[in-house]
Amino acid sequence: AGAGAGGAAAAALWSEVNRCGQNGDFARALKSVNKILQVSKDDVTALHCKVVCLIHNGSFKEALSVINTHSKILSSDVIAFEKAYCEYRLNRIESALKTIQSASQQTDKLKELYGQVLYKLERYDDCLVAYRDLIRNSQDEYEEERKTNLSAVVAAQSTWERVMPEDLGLRETTYELCYNSACALIGQGKLNEAMKKLRKAEGKITVRCEKLRDATEEDTEAELAIIHGQMAYIMQLQGRTEDALQLYNQIIKLKPTDVGLLAVIANNIITINKDQNVFDSKKKVKLTNAEGVEHKLSKKQLQAIEFNKALLAMYTNQADQCRKLSASLQSQSPEHLLPVLIQAAQLCREKQHAKAIGLLQDFAEQHPANAAEIKLTMAQLKIAQGSVTKACMILRSIEELQHKPGMVSALVTMYSHEEDIDSAIEVFTQAIQWYQQFQASHCFVFQPESPVHLSLIREAANFKLKHGRKKEAISDLEELWKQNPKDVHTLAQLISAYSLVDPEKAKVLSKHLPSSDTMSLKVDVDALENSHGATYVRKKAGKLTGDNQQKEQGQGEVKKKKKKKKGKLPKNYDPKVTPDPERWLPMRERSYYRGRKKGKKKDQVGKGTQGSTTAGSSELDASRTASSPPTSPRPGSAAAVSAASNVIPPRHQKPAGAPATKKKQQQKKKKGGKSGW
């Protein structure tokens, strides 16, 4: 406290301000300061104390208003830190930076705040320099906090700028340092190592909460929320989406107070859901709209959330909302690919493919740096429409990808599908020429024996041979052979091609093939047979002596005869009856099969129960006794057969075993079938 107001009352008030300030009772101190200012409204010390009290009470707007109202009295040298801090807390980051830079003297407090401001502005390189200078030139109880901030800067560089972080040699004594180290490893793609760091941070938080007597399980879970959120993110990157989703939902159930954490988790759940579980995604997107989220997340995080909102609008058939969001994103980042791709996708869903291609074409012309990605999308749309030739034209217009093996392969496949062999060969030729020119200008980088160059020539030769372009294929194979005269495979291909065009030339070239002696393979047969995976393994010969040796020799000379198993015979087999030679044929294919003829030869068909025979019915008929001569020959009598004809009907040529089989079949039918009458 200072002087500035006379009298005993003023002295008492200043004593009260001093005492309350030391006790941390800034609300009471503010009352005393206001009383002093009623007496002396332009007292610099009193105004300064009022600003400090307001800042401690969280009234940053009021504090800034006091500073701006009394700007003539409170000069920048006196109040620079307090003004910049209020602007920083009110998220007026650019204004805070100007206030710090305009200060005539850069105190340690201003330097600390300067580092925070640079981090908020995502100027990570400058921020790293500022914190290194602070750590080097400061020795107080806040050294641990400065190191934590420094590690956060390194993690941000690795995550958002893809910069390989340098080893700062920081000891991971706190969970914050472990967490920041894990974030840096995630940026490098070292997910397993990052998970270990997060486990270490989790252990430190658990131990710290156990030491606090009044800490509940809910408090521990709340502290661990950010660690578990990052663990779930690693699981998502590793493809363990079910585990990640479960952990994300557990964190949301805890209802953490950090709106930034909730927004990130909700966004990640939406990315897992994609076009499925849209109702859940619409609920989660509300968490990304919470107040203050824009001040908690980085620009790239906020941009990713907006992209996902536009995609969700497209998946939920909210076409106008999708167009509005994507147009807003495009105005914010005109060079970014995603907004125009989302717009094109929405047009395709509305069956406006031509308009979508036109939109992509305009973007490619305005932003040549991103033309390759856009043209690939245009080609995909053309293929979806069935315009393969136009798709090929678009792909061939991407100069930086023309010579790539993947592009060459795609173009050749598409031209082959359209049966445009000349264009496919032209693609091969252009790619080979590009590599030849590259070799001439960059011989110190690109060797003539480049595997890409040679593989393209070989593929071109194979393609030409397949499509009957033998002479062109021969020239390619000859070039390959010149590059490597010891390549027997290429020589064999060349001889094979010449044999179809010029057999004499093929004979001459065949002299260059190595002899069979030089090509013989020195293979240890025993080692090969005894190797793991051999289908046949020869038994190792043991020591043979005396009678055993003679037995082994005898067994080697005479092979053991395997006993054949006796075949199974049918149950009703009768060795006295000759089997039917046609028994292996289906009944319909046998020579004696005549089929069922209904309505004919009624005398041979029984009219009793199902399965009865004509012969049985005749014997039981009282009218056909021995005294009355038969009017027609009996089907079963030998005399009638001999009187009718010397030829035996085919039905009577069946062996004795056949009727029994038929009777069994009839019995089976009688069980489950309907009555025939």
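**Stop 1: the cavity**

The largest cavity has a volume of about 40 Å³. A cavity here is a set of points, on a 1 Å grid over the protein atoms alone, where a 1.4 Å probe fits but cannot get out. Grid points are joined across faces, edges and corners, and the volume is the space filled by probe spheres set on them. The model is predicted: local features need pLDDT of at least 70 and side-chain atom pairs count only at pLDDT 80 or more, while totals for chains, interfaces and linings use all residues. Residues are numbered from 1 along each chain as its sequence is written, and side-chain values use heavy atoms, with hydrogens and water left out.

Searching the whole structure gives 1 cavity of 30 Å³ or more. To see its lining (residues with an atom within 4 Å of a point), select Arg396, Gln402, Leu411, Val427 and Gln430. By class, 2 of the lining residues are nonpolar, 2 polar and 1 charged. In this scheme Ala, Val, Leu, Ile, Met, Phe, Trp, Tyr, Cys and Pro are nonpolar, Asp, Glu, Lys and Arg are charged, and the others, Gly among them, are polar.

**Stop 2: His403**

Next select His403, in the loop between helix H22 (388-396) and helix H23 (405-417). Helices (H or I, at least four residues) and strands (E, at least two) are DSSP runs, numbered from the N terminus. Is His403 buried or exposed? His403 is buried, with a relative accessible area of 10%; buried means under 20%, exposed over 50% and partly exposed in between, for a 1.4 Å probe and protein chains only. Show Val408, Ala431, Trp434, Tyr435 and Leu456 as well: His403 touches them, residues up to four places away in sequence not being counted. Contact means heavy atoms within 4.5 Å.

**Stop 3: the whole chain**

Zoom out. The protein chain has 34 helices and 0 strands. Of its 677 residues, 33% are buried. Among contacts between residues at least 6 apart in sequence, 48% join residues at least 24 apart.

**Stop 4: helix H3**

Select residues 44-56, which form helix H3. Colour Ala46, Leu47, Lys50, Val51, Cys53, Leu54 and Ile55, the buried residues of H3. An α-helix has 3.6 residues a turn, so residues three or four places apart point the same way.

Now look at the ends. Asp43 caps the N-terminal end of H3, with a side-chain oxygen 3.0 Å from the backbone nitrogen of Thr45. After H3 comes Gly58, with a positive phi near 85 degrees.

**Stop 5: two loop residues with positive phi**

Most residues other than glycine have a negative phi. Arg162 has a positive phi of about 55 degrees although it is not a glycine. Arg162 sits in the loop between helix H9 (143-160) and helix H10 (175-188) and is exposed, with a relative accessible area of 61%. What does the side chain of Arg162 reach? The backbone oxygen of Gly187 lies 3.1 Å from that side chain. Gln157 and Gly187 are in contact with Arg162, leaving aside neighbours within four places in sequence. Gln188 is 26 residues from Arg162 in sequence and 7.3 Å away in space, C-alpha to C-alpha.

Move on to Asn317, where phi is positive too, near 60 degrees. Asn317 lies in the loop between helix H17 (299-315) and helix H18 (319-332). Asn317 is exposed, with a relative accessible area of 62%.

**Stop 6: Gln236**

Finish in helix H12 (residues 217-237), at Gln236. At 19% relative accessibility, Gln236 counts as buried. Its side chain makes a polar contact with the side chain of Tyr248 (2.9 Å). A polar contact is a pair of N or O atoms within 3.5 Å; within protein, one must be able to donate a hydrogen and the other to accept it, and residues adjacent in sequence count only if both atoms are side-chain atoms. Not counting residues up to four places away in sequence, Gln236 touches Ala244, Tyr248, Asn268, Thr271 and Ile272.

Notes. On a 1 Å grid over the protein atoms alone, a cavity is a set of points where a 1.4 Å probe fits but cannot get out, and a pocket is an open set with protein on both sides within 12 Å along at least five of seven lines; lining residues have an atom within 4 Å of a point. The expected span of a helix is 1.5 Å times one less than its number of residues.
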